[in-house]
Number of protein chains: 6
Amino acid sequence: MSLNRIWAENRAALNGWLAIPDGFASEIMAHQGWDSLTVDLQHGVVDYAAAVRMLTAIGTTDVVPVVRVPWLDPGIIMKSLDAGALAVICPMINTAADARVLADAMRYAPQGGRSYGPIRASFAHGADYPKRANEIVTAFAMIETKQAMAVLDDILATPGIDGVYVGPNDLALTLGLAPQFDPTHRTMLDAFDHILARAKHHGKRAAIHTGSAGYAKTMATKGFDLVTVGSDARFIAAGAAAEVAAFRARD
Amino acid sequence: MSLNRIWAENRAALNGWLAIPDGFASEIMAHQGWDSLTVDLQHGVVDYAAAVRMLTAIGTTDVVPVVRVPWLDPGIIMKSLDAGALAVICPMINTAADARVLADAMRYAPQGGRSYGPIRASFAHGADYPKRANEIVTAFAMIETKQAMAVLDDILATPGIDGVYVGPNDLALTLGLAPQFDPTHRTMLDAFDHILARAKHHGKRAAIHTGSAGYAKTMATKGFDLVTVGSDARFIAAGAAAEVAAFRARD
Amino acid sequence: MSLNRIWAENRAALNGWLAIPDGFASEIMAHQGWDSLTVDLQHGVVDYAAAVRMLTAIGTTDVVPVVRVPWLDPGIIMKSLDAGALAVICPMINTAADARVLADAMRYAPQGGRSYGPIRASFAHGADYPKRANEIVTAFAMIETKQAMAVLDDILATPGIDGVYVGPNDLALTLGLAPQFDPTHRTMLDAFDHILARAKHHGKRAAIHTGSAGYAKTMATKGFDLVTVGSDARFIAAGAAAEVAAFRARD
Amino acid sequence: MSLNRIWAENRAALNGWLAIPDGFASEIMAHQGWDSLTVDLQHGVVDYAAAVRMLTAIGTTDVVPVVRVPWLDPGIIMKSLDAGALAVICPMINTAADARVLADAMRYAPQGGRSYGPIRASFAHGADYPKRANEIVTAFAMIETKQAMAVLDDILATPGIDGVYVGPNDLALTLGLAPQFDPTHRTMLDAFDHILARAKHHGKRAAIHTGSAGYAKTMATKGFDLVTVGSDARFIAAGAAAEVAAFRARD
Amino acid sequence: MSLNRIWAENRAALNGWLAIPDGFASEIMAHQGWDSLTVDLQHGVVDYAAAVRMLTAIGTTDVVPVVRVPWLDPGIIMKSLDAGALAVICPMINTAADARVLADAMRYAPQGGRSYGPIRASFAHGADYPKRANEIVTAFAMIETKQAMAVLDDILATPGIDGVYVGPNDLALTLGLAPQFDPTHRTMLDAFDHILARAKHHGKRAAIHTGSAGYAKTMATKGFDLVTVGSDARFIAAGAAAEVAAFRARD
Amino acid sequence: MSLNRIWAENRAALNGWLAIPDGFASEIMAHQGWDSLTVDLQHGVVDYAAAVRMLTAIGTTDVVPVVRVPWLDPGIIMKSLDAGALAVICPMINTAADARVLADAMRYAPQGGRSYGPIRASFAHGADYPKRANEIVTAFAMIETKQAMAVLDDILATPGIDGVYVGPNDLALTLGLAPQFDPTHRTMLDAFDHILARAKHHGKRAAIHTGSAGYAKTMATKGFDLVTVGSDARFIAAGAAAEVAAFRARD
Ligand SMILES: [Mg+2]
Ligand SMILES: [Mg+2]
Ligand SMILES: [Mg+2]
Ligand SMILES: [Mg+2]
Ligand SMILES: [Mg+2]
Ligand SMILES: [Mg+2]
């Protein structure tokens, strides 16, 4: 199942985040009701081999498998797709040239230059995957720098870029603000609105990283097509901290 | 740091539980304020190699490393100690003979028959570990069947058994009740009280598995020396489920 | 899906064999039409951690997950069930006492002494797994020695033993014959017939290891309920050897 | 043993392909009579750590170890050589500049810019490996796009490029044809002939990926110096599918 | 190559020890001139999966692969043999019954009860391995307790026990002495002499663990058939400590 | 603890080297008295997943964790920092442009373009890591080619480059000399002196790779700020070779 099926229902995809390099942790997450789960090869403690285990675990359910790659590199983008990712989020797309490299890596000729060899994808998504691949994959360019904001329309206009994914922390840093989950600063909110508006103008998808269901809901209501909440790592930390605090609390 | 240090402060140890076979997940847990963390080789998705990674991660903090072994088997008990566990929880100690096997595996001669070779423990706990090992390790016999209840005093009287660890789920099953976290059934509560009382009578430690800080606190107040709450796996499931539900909720 | 569902269709289950400790290899196998796949922890190059990866891969399909444990040991039998195996094949069940140990490890009280903690099984087979577990698991005792043949009825009469699994190679060795795939020796064929007949007499299942679809089919026709053919390792060896031979052949 | 030794016998090297990230699977392959085996880091489910295990397994035999890298990246090319690969196949060499980057990464100064540190190669290929390395390694540039065909002579003329490796699937895609094993389309066959002829003209090696021993033999007869057939993953799929079909067939 | 080949040269085998669970570390060791290398599953940080990687690495050379199992358990003994170990050292053989269990697990019927399935051994040691296995494997019973000393002749007289392996540390502990490498205490030296003499009397092999080449040489001169020196872990610690000390030393 | 703390003591940091991809091997090293340990992702048999295990093991001590990345690639540089490395050594910085890419990847805006997500670093180095990160990390540009020597001042003048790390082997190769540990050739010594002098001139740190404590001490005395000696892999090889030689020596 690709993200397109969720979007066909005219709703935002609720996306979970995976930073722990273990298949069982991913399998637990896959049973909690997310529309999609993103294996984070950038800031997660995850490499390709872990990603395969995690994508396999996601594959025991109907959750849409997504990968955030560590960097703009055709090799890992293609390996992620071959391993079964149906969407790729690529960090730091700061120029139209960056966007073209990403787009090129995501689809087979003639739309792009993806190399042929969908080794796990053909099992995970059916023997007809090669024919459907160009239609069912989604390429997200991360917009997370001042530099990217300046060329946002060029990035959005790039053929093969299906959407943008807002990275609030890095965007804040490059705008001279502190990284912060679920920002309320006017500058940040304006940036989010602007990105969303330009994406819609170009007929592209908009996605955003958030730190809570409430913020995510607000963003989905605004029109974002995919909203990310939390991560396996954060749920462990928060859940454990809460129990420890409750136990240690003076009555 | 062994459990004895915590107990020297006249308080119950707050123990977390690790079921995910990943060092980073364990490291997150180790930073949340637990007194000890138990690597669960029995019902966790964990084997010896994962346990080493997890114990290493715990070793980046002062949290006391504990292992629950998969079964009463001197080989894995000794390997856990060699890998740096300072306490071992052994499931299904149902007879005095079981207790003697456990006790024998936990300490070097003349107290027991532990084989010499503390390969990681000597790094993790200091070059003088071999001399101190018999003093700083803790052997917990799990009391979790009707059969064990019938010979509880024999188990508690076994030299080298430092304490008992109550397994409510299996105890419930063998008492004809459904497994349940934090039971309120009279039969269960009576069993807990009985075990605690007999342990104290024998001058041994009593520990118990719980599902919430509140229940754990009640047990600690009763006099249990170590109380377990939650697990990394449960925190992921609960945290994710809560966020998904919050997002999906109609306002 | 358990083996019972296949048997409800009044046909033999076609079982594949997994000796390579890799999730992707298992996933390939899981897409080839087998009814069940057995992760071989005994003679396969497989340990528990690999088994989890392999069971997860099988879990991306409807194939029934089975584990052959390395030896009669309640610890690994229970860990296999917790990891999602719906059937366990245990080697070298040579006495009724062996059979009782196996049966005891397979089911929760009051039928047996399986310890409670179905960590992956509850995700893989549904939240109601704990209630259904005793019904949906299958315990196979391997009959593979002269000694076992002598007490076959005692083994078959053991409550909780759901069936026997014939190991032709070890049986041959203990009967003074050379190990051989798909034996035609009268002694072996008589043994197979005898085991099958006694199993049916006791209302238990009979399964057998074979080396080819043809032999397996013959056995299924005789009345065996589960027949194993080949293995991932054998398919690599045979497929590669055939291609190399074809290339090297003089025309 | 390098590929040069096989070529010194005036015959084509028969190359097998490894897509399963497991040492034992590779070791099985290494005993089936191949001249060389290629660890596929591009479309195989393989990363560097798996490659080391696989190269070690190949190293238990005399089979020549080859690596296909995931992308044109000096880091992984050099790590593959350090890990013991004696030949490197690099995908998507589409320009003379690409070819120069590949060539530069393959050999020590003054021929190239390979960084010094042959950590496993010095054990696998002898203490004199550093002195012999530039002679015994083979750099294959993959020719698999229309773009590459247009500058084929420039690529072949690049010093340090020892040969070209034809990738039929990607070549087909960029020529507007469907990817297909063992193509018979005139356009493809002409392309193969052209590449072979130009390689020979430049005194370079030509290699090609095929799907069967028969096609490979035809290519070897034409003059290709290395022909690849099948893969561990394909042998599992084909072998299992054949046995399942044979069992399910109505007689 | 089995230990018998070395002994056919009328000399003691020089055995190295592997405690680090990594194939490359083992491969380095395998190139240093040892006759045999022992993968230590007992006190090494090693489990079965690591052992396979380590045995594969040893298999790139002619060094004889040995495994010390974690405990007397037929499952892991047989898995070690299947994985290619040609000798097994089993700790804590303290009774004749223990010795019989070990012996039984080491050889196929009719000599013993080893289960058939030499999955890696058949590649590592040749297709005729099954026929030769009973001849080429070596079973070492560890003599390392006072209890074992008391029944030494019974252990040595057990058919299928090929030799004894002296564990000085555990022996010291049970004799009331401190564990110590290369002991000079009369009690220990007498014990060594006694074990050696009784082994020779029974026509069995004698082996011993030492901490230095000098002590090992003395033991070999006395008549021990296999002498162990050092370990990968000890070489790292000693080598690093020496360099650090040299650097930090005031001139 | 960062390298700055050691340098605040006005002494050279003594750096050890890790080429074996195992946490326990690293943990042994971390207890031998080094100031810092470098996980070598370039010529070590190490990838990112191993690096995490190794950095975790180092994190059980106060040793400063350093990573040498495989190549100039922002993705792996940032992943190394996120995983807890406090210094990064980047090979083959041959131009000022290379130096700028390295510097940019090492620090958050506005000093650089490091992407935000210090997943393990925030546990390993404290919750205030994000604020302190730009101050406590160290970027070493490897100077190891003739080409780099020609633009040494430009590299040293690059903002965000904290120091240079001399790679003697590659430098020797590009200067037309044989790679050699601890060179005495005039050309090499002059190069070392020149690099050291220019680094000091620019107020930057200078570091160098050596093969022995003696040479390292000489370099530290000259003024190098960090000196590397040996590696886990070399200590195994040297220690084992010495013991084997001692045993085999004729008296
Ligand atoms: Mg970002
Ligand atoms: Mg229990
Ligand atoms: Mg058998
Ligand atoms: Mg291609
Ligand atoms: Mg011992
Ligand atoms: Mg270098």
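This is a predicted model: local features need pLDDT of at least 70, side-chain atom pairs count only at pLDDT 80 or more; totals for chains, interfaces and linings use all residues.
Me: Why does A:Met92 count as buried?

Reply: Buried means under 20% relative accessible area, exposed over 50%, and partly exposed in between, with a 1.4 Å probe and protein chains only. A:Met92 has 8% relative accessibility, so A:Met92 counts as buried. Phi of A:Met92 is near 55 degrees, a positive value in a residue other than glycine.

Me: What makes F:Asp182 buried?

Reply: The relative accessible area of F:Asp182 is 16%, and therefore F:Asp182 is buried. F:Asp182 sits in the loop between α10 (168-174) and α11 (186-201) of chain F. Phi of F:Asp182 is positive as well, near 50 degrees, in a residue other than glycine. Over chain A, 67% of the 251 residues count as buried.

Me: Which kind of peptide bond joins A:Ala109 and A:Pro110, and what is omega?

Reply: The bond is cis, with omega about 10 degrees. A:Pro110 is in the loop between α5 (96-106) and α6 (121-124) of chain A. In chain C, a cis bond joins C:Ala109 and C:Pro110, again with omega about 10 degrees.

Me: How does the radius of gyration of chain A compare with that of a compact globule?

Reply: The radius is taken over C-alpha atoms, and the globule rule is 2.2 Å times the number of residues to the power 0.38. For 251 residues the rule gives a value near 18 Å; chain A has 18 Å, which agrees. The C-alpha atoms of chain A fill a box of roughly 65 × 40 × 30 Å along the principal axes.

Me: How do you know that chain B and chain D do not touch?

Reply: Contact means heavy atoms within 4.5 Å. The nearest C-alpha atoms of chain B and chain D are 17 Å apart, and the two chains do not touch. Chain C and chain F do not touch either, and their nearest C-alpha atoms are 17 Å apart.

Me: What kind of axis relates chain C and chain E, given a turn of 120 degrees?

Reply: Copies are superposed by least squares on the C-alpha atoms of residues with pLDDT of at least 70 in both. Chain C can be laid on chain E with an RMSD of 0.0 Å and a shift of 0.0 Å along the axis. The two copies are thus related as by a three-fold rotation axis. Only 6% of the interface residues of chain C are also interface residues in chain E, so these copies meet through different surfaces.

Me: What about chain D and chain C, where the rotation is 180 degrees?

Reply: That rotation superposes chain D on chain C with 0.0 Å of shift along its axis and an RMSD of 0.0 Å. The two copies are thus related as by a two-fold rotation axis. Here 100% of the interface residues of chain D are also interface residues in chain C, so the copies meet through the same surface.

Definitions and conventions: Residues are numbered from 1 along each chain as its sequence is written. Chains are lettered from A and ligands numbered from 1 in the order in which they are written. Side-chain values use heavy atoms; hydrogens and water are left out. Helices (H or I, at least four residues) and strands (E, at least two) are DSSP runs, numbered from the N terminus.
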